[in-house]
Every structure is written in structure tokens, then in C-alpha cells.
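Here is a short briefing to read alongside the model. Have the sequence and the structure open, and let's walk through a few helices, a ligand shell and a loop.

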Amino acid sequence: MHQVAVDGEPHLTTNQGLPIADNQNSLKAGVRGPLLLEDFILREKITHFDHERIPERIVHARGSGAHGYFQPYESAADITSAGFLQDPKKITEVFVRFSTVAGGAGSVDLPRDVRGFAVKFYTEEGNFDLVGNNIPVFFIQDAMKFPDVVHAVKMEPDRGFPQAASAHATFWDFISLTPESMHMIMWAMSDRAIPRSLRMIEGFGVHTFRFITAKGVSRFVKFHWRPTIGSAAVVWDEAVKISGADPDFHRRDLWEAIERGDFPEWELGVQVIEEGQAADLDFDLLDPTKLIPEEIIPIRMLGKMVLNRNPDNHFAETEQVAYCPSHIVPGIGFSDDPLLQGRLFSYLDTQLSRLGGPNFHQIPVNAPRCPFANNQRDGLRQMHVHKGRVAYEPSQISPPSAPRECPMHGFRTHPEAETGEKIRKRSDTFADHYSQARLFYRSMTVPEQNHIASALAFELAKVEIVGIRQRMLGHLALIDPVLQQTVADALGMSVKESVKIQAAVAPRDLALSPSLSMIAKDPQTLKGRKAGILVTEGTDASTLQALLAAFSNEKAAVELIAPKIGGVTASNGSAIAVHHSLSGAPSVLFDTVVILASEKAIGDLVREAAAVNWVRDAFGHLKVIGYSPEATALMEAAGVEPDDGTVLLAGANPGKTFVRSAKQGRRWDREPTLRSIG
Ligand code: HDE
């Protein structure tokens, strides 16, 4: 939009460019009279406002976006001819949108849910959209079932609740009758579904794709994104509380990290499977409910993505961005995965209704950065003024600049031989629904296994229909009998009540894959994490300085919290400005916390429920807590039993002592002393 300057001043105008003299008052018949229909300025403003919202995405409506770039480590020409993967000097612009799946656009950031991880690469050969999730497998094997699984998880249609939650009868009714979803259920009930930060999620292309070389050699690939600061989750009780304390927790975290220059980064990698190797795997590569353990086929890292710029406008960019798995570039191809094949249709169709017509590719966030030209014309929201009389080809009267086919460099589909009957049938090679569910569950560490059991018990306890719980217990028996027993106990049910499920293929014990565990891979770092320091009147200035220096050394963000937002005066008389008042910043918002209370302030803190809960929650959420000697009374009031995750800040170098402990992350060994499964 152009700034309207009259006399050197910027002016408000109508959409027709008419300068507006009064933006405060509508046109009335007398100062106390009715409004006049004649007021075209008011009508234009209100009409535009009335149409501000567009249909939200049926899934993945809640999203947060960022701009950035991708750069390869080296040429990948030996496996793909994709232009953006040929040269380590080539930088490709990207726009990424992370999302939850089930909730509406205004829902909270931390429900238990899968996260979308969609990347648009604006390559010189056209846009490549890698539209993935933070979980490497999916609930269903065939596109035909997608509307069913989505209707089952969305709020129930008669009552309009629950919003953004799978813990209700219709979801588990569907799941309990859909054995193919059991592997994904293990992931969805795991800590992966309650990430600490979008900056810390892994991403997966889920389906098998193809990489094709310039010579036409095709190999199968699985895409992986790995955050360079490691993956982490919150604990469930924290997720519940964060949803109230900061419904925008993930969106804000992503925004703030980019604003402070702590740019989120991911490595992009592929598992490469030679065409001949596919037959050696334990399962069918076309089945999107299966993964290939890294221990069997390691990931080859191709390059790094950095997100370094926040959107200028949430609606224009994050809301209007339109990803389509069908947006690919030469050197990349599809497999016959029946879920992927269905997606190739769905996304274009969805953009037509969401963005109001076939010209959504002209919206700035969607437009290729390379030139694009064809003979498609007109349509709703056409922004180009196409010139000339020819909008077809071939033509002998079109100018030499008119677009022509490009046989040398244009996209070619890999010529895979296909034969077969027209048939509606699931391949028998898709029938093993339990072995990889078991593989995932058994590859987790003990705390992670406990969390899966707790999540199942929590969700199933919200299902009032006993038969659904009994059927789920039957599936759990096939995944792992100990898990079945634990969940039954947590529900107060007996395994004898389980419905006996006949597996189409008896589950097998596959070799475990420790790389699937987040805790086992915890990088033990404070980088990208956030510390909260509670300060009071008279806080010891030198301890505070030491802590700030130590956190900065570790590249951790720090926020200060005081009983009042006006800040405090430290022991040396300096005024300390703070980010939050105590009531506005519960400890769930931080990865690690420190209480720097002074002697004169501790009495008030101990009487303050928000302060006691601050500490009690941090302890319950297994965080490392630092405290000044004067704060001991608050630790006691919160019922904290000192352990190696509670650090008394006395002696020389309190900053170093504290970060050494805080870097180790949550104290999982504290958990069984505080919480039972269920
Ligand atoms: Fe999607 N999915 N999906 N999906 N999906 C959409 O497209 C669909 C699937 C994923 O940030 C919709 O633009 C079908 C798998 C992400 O804008 C829609 C099937 C995976 C996003 C759609 C699937 C995904 C979407 C809704 C089964 C992981 C958000 C709005 C055949 C690999 C993209 C839109 C963004 C969005 C359809 C299954 C990921 C309706 C039919 C599997 C990350 O077209």
C-alpha cells in the first residue's frame, strides 16, 4: 500500500484513495441523531472489517510462522538433481509454518497434539513444499480415512467441545476400531505431543519420497528435520498450566527467540533407500504408519535451515501461506503411498476454498521467487494484468517472450512401471499394526514409558463409554502387556476386562531403536532455554550479576520476576527493572528457576500463594531450582525435599555452580517420588 502524503504528512484514506478528514465520528443527522446510510466511509470501513476472517484450515488451523533460509552442506548431486541441493554456496529462502492439528485458529498452543512442520523452499526451479509433522508416522494408511479420523478428533459436533483435545469419546471410539493407528497413538501419547518449544521439535516428511539424479536414477528417501539445540518436552501438568498462563506459549517463544537473535536451526537429512533395498525391510515402504529406525538406515544430513525473520503480518503470511505436497521440483518425486497420493489432491482443493480462488499463488508469501509464466488467466483475485492477445500455445503470432515448454530442464515424472487391476483393497504388506508400536514403546526410557501410560490413562479416563476403554486395553495387550497392566491399574480396571483383539499379523519383537527417545538424546544444554529469576527488595546484587553472566555464557535467555512489575532495589542500591510480576509469570514459563529473596522480603513471600506455588510447581515439574540462603523458608513452605536439583547459592561462583546443575535438565529421578501413573 502506498503512503498518501499531502503537505508532506502521511494521511489516512479510503480504499479509493480519498483522504479521510475524521476517523473518530460517523456521519449523523445531528450530533445526537441516527447514523446516515450515506456514510460511505463508515460503510467501507465496517464492510472490510466484517470480511476480515477467511475460512480457517479444517486441520492445522492454529499456526505460527517464520522466514529463513536453507543452505546445503555439500552437493547432493549423487542422489538428487534438485537445484537447491547442488551447491553449498546456494542459499534458498524458506517460510515455515508450525501448527497444532485439532484446535481452531484461536486455540491454545499446548494441547496434547501432533505438530505440523511445513516448509516452503522458494527454489530457483519453483517452490518445493515439504509438508510434514513432528511425528514420523500417521494414524491411517489410506486417504479415504482422513475425514473420519479428523471428524473423530475434532470437537464433537452436537456439543461443540472439547476444543483442541483428543481426550474424548469420539476420538477413542474411532481409534479403538482402527488397529493401523496404534503406532501413531504411542507417539501421540508420548512427550513428543507436548513439546517445550517449536524450536525443539523434530520434523518428518512421513511418507516415502523419491530422489532422482540427473541421470534418472531413483532412490527412496525419508525426510528428517533435526533441531540443533535438541528436542525437549514439558511435563503434562505443566502443559495444562501453561495453557492458562500463556495460551500463545509456543508462538511467543518462537517470536521472541527470533527477535533476540537466537535463531532456531534445523538440519535437514534423508534416509536413502536403494530401490532394491526396499524388499529387505521388515515392512512396506509405502505404509505411512511405519518408520525406518536410524540404527538400520542412518540419516545423511544435507544442510541446515535457519529461521531469522519474524513475519511482518500474521494474516498476510502465516494465515495465507498455502502448502501443497504436490509442489515439488525436478530431482524429487512421489512414492505410491496411498496417503500421500490422496494428499496430492487435497491441498490444492483446500486452498481454493480457503483463499477464495485459483490465484492464491499470487499472494506474496505463496509466489515463487523465480519467474513463473503460463497461459492460465483471469479467475477470482487475479492480480496480474496480462498483456497481449495470445493466451494459448502453440501460436505463431505470440511474441518471442511468450512461455514455451522446457524439455531439457522441465519437471519429469519418474517413469515407474505400474500395472494392476483397479481395486479397492489394502495391501497385505500393510497388515502388521503392532510390531512398530511395540518397538517405539520399548525404545523409550522409563520416564518416557511412564508418561505414555499416564497419557493413555488420562485420555481414556475422559472416555465415559467403558466398552471403548476395554477395547483399547485389548490393543495395549498386543503392544506390551506391562503397558496394558499399568494403564488398567491407573484406570482402576482389570486387564481381564480387555476386549480380545485378533491381530491380523502377530506382533514381532523388532530390534529396539534408542534414537527414538528424546531423553536419551537430551543434549544437556541451556542454549535456547529460558531461566526465570525471582528477585525481591534487597536481592543480593552480586549473586544476580553472577547468574546473569553465567546464563549469558550458556546462551540461555533470562527473565526477571518480582512481586510487583515496578521492579526492586538490589542490595547495592541499584534499581532492577523486571519483565514480569509474580502473578503474571508462574514458573511453568521457565526451564529452570532461581529464587533470590532477601532477608527482609522472605516473610512476605512465604505468605504469598503465588510465590509458594512458583516453587512447588518448579519442583513438581522436576526443574533445577537455585535459591539464596534467605529463600530456604520459601523452599520449606513449598514442601521441597532438597535433592541434587535444588542448588543453594552460597559460596564463590554461584553462577557457575548453578548452571552446571541446570544444564543437566529435568531431574527425572525425582518424578516417582512426586507422582503416580495415571
Ligand atoms: Fe494434511 N492437510 N492431510 N497431513 N497437513 C492440511 O491443507 C490432508 C497429512 C499437514 O501449515 C490441509 O492447507 C489429507 C499427513 C500439515 O498450512 C488439508 C491427508 C501429514 C498441514 C490437509 C493429510 C500432514 C496440513 C488443511 C490424508 C504429515 C498444515 C489446510 C490423505 C506428513 C500446513 C491446508 C500449513 C494441512 C489434508 C494427512 C501434514 C485439508 C487429505 C500424513 C503440516 O488439505
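Let's begin with helix 9 (residues 435-443), where eight of the nine residues are buried, so this helix is largely enclosed by the rest of the structure. Please keep in mind that this is a predicted model.

**Helix 9 and its cover**

- The buried residues here are Ser435, Gln436, Ala437, Arg438, Leu439, Phe440, Tyr441 and Ser443.
- Which elements cover them? Helix 4 (182-188), helix 10 (446-461), helix 11 (466-479) and helix 12 are included in that cover.

- Thr543, Leu544, Leu547, Ala550 and Phe551 are the buried residues of helix 13.
- Viewed down the helix axis, the buried residues of helix 13 fall within an arc of 130°, so they line one face of the helix.
- That buried set packs against strand 13 (530-535), strand 14 (557-562), strand 18 (592-596) and helix 17 (654-662).
- Ser542, Ala549, Ser552 and Asn553 are exposed on the other side of helix 13.
- After helix 13 comes Lys555, which has a positive phi, near 60°.

**The shell around the ligand**

- There are 24 residues around the ligand, and those that come nearest are Arg57, His60, Gly116, Ala143 and Val206.
- By class, the shell holds 12 nonpolar, nine polar and three charged residues.
- Strand 4 (92-100), strand 5 (115-123), strand 6 (126-133) and helix 8 (338-354) each contribute at least two residues to the shell.
- Which element gives the most to the shell? Helix 8 does, with six residues.

**The annotated span**

- The unreviewed UniProt entry carries the annotation "domain: Catalase core" for residues 13-401.
- Residues 13-401 are 20% helix and 19% strand, and the end C-alpha atoms of this span lie 39 Å apart.

**A loop residue**

- Ser494 sits in the loop between helix 12 (481-491) and strand 13.
- Is Ser494 buried or exposed? Ser494 has 12 other C-beta atoms within 10 Å, and a residue with 12 or fewer counts as exposed, so Ser494 is exposed.
- Ser494 and Glu317 are 177 residues apart along the chain, and their C-alpha atoms are separated by 51 Å.

How values were computed
Residues are numbered from 1 along each chain as its sequence is written. This is a predicted model: local features need pLDDT of at least 70, side-chain atom pairs count only at pLDDT 80 or more; totals for chains, interfaces and linings use all residues. UniProt positions are given in the numbering used here, feature names are shortened, and annotations may be inferred rather than shown by experiment. Helices (H or I, at least four residues) and strands (E, at least two) are DSSP runs, numbered from the N terminus. A residue is near a molecule or strand if its C-beta atom, placed from the backbone, lies within 6 Å of it. Ala, Val, Leu, Ile, Met, Phe, Trp, Tyr, Cys and Pro count as nonpolar, Asp, Glu, Lys and Arg as charged, and the others, Gly among them, as polar. A residue is buried if 20 or more other C-beta atoms lie within 10 Å of its own, exposed if 12 or fewer, and partly exposed in between; C-beta atoms are placed from the backbone. The arc is that of the directions from the helix axis to the C-beta atoms. Two residues are in contact if their C-beta atoms, placed from the backbone, lie within 7 Å.
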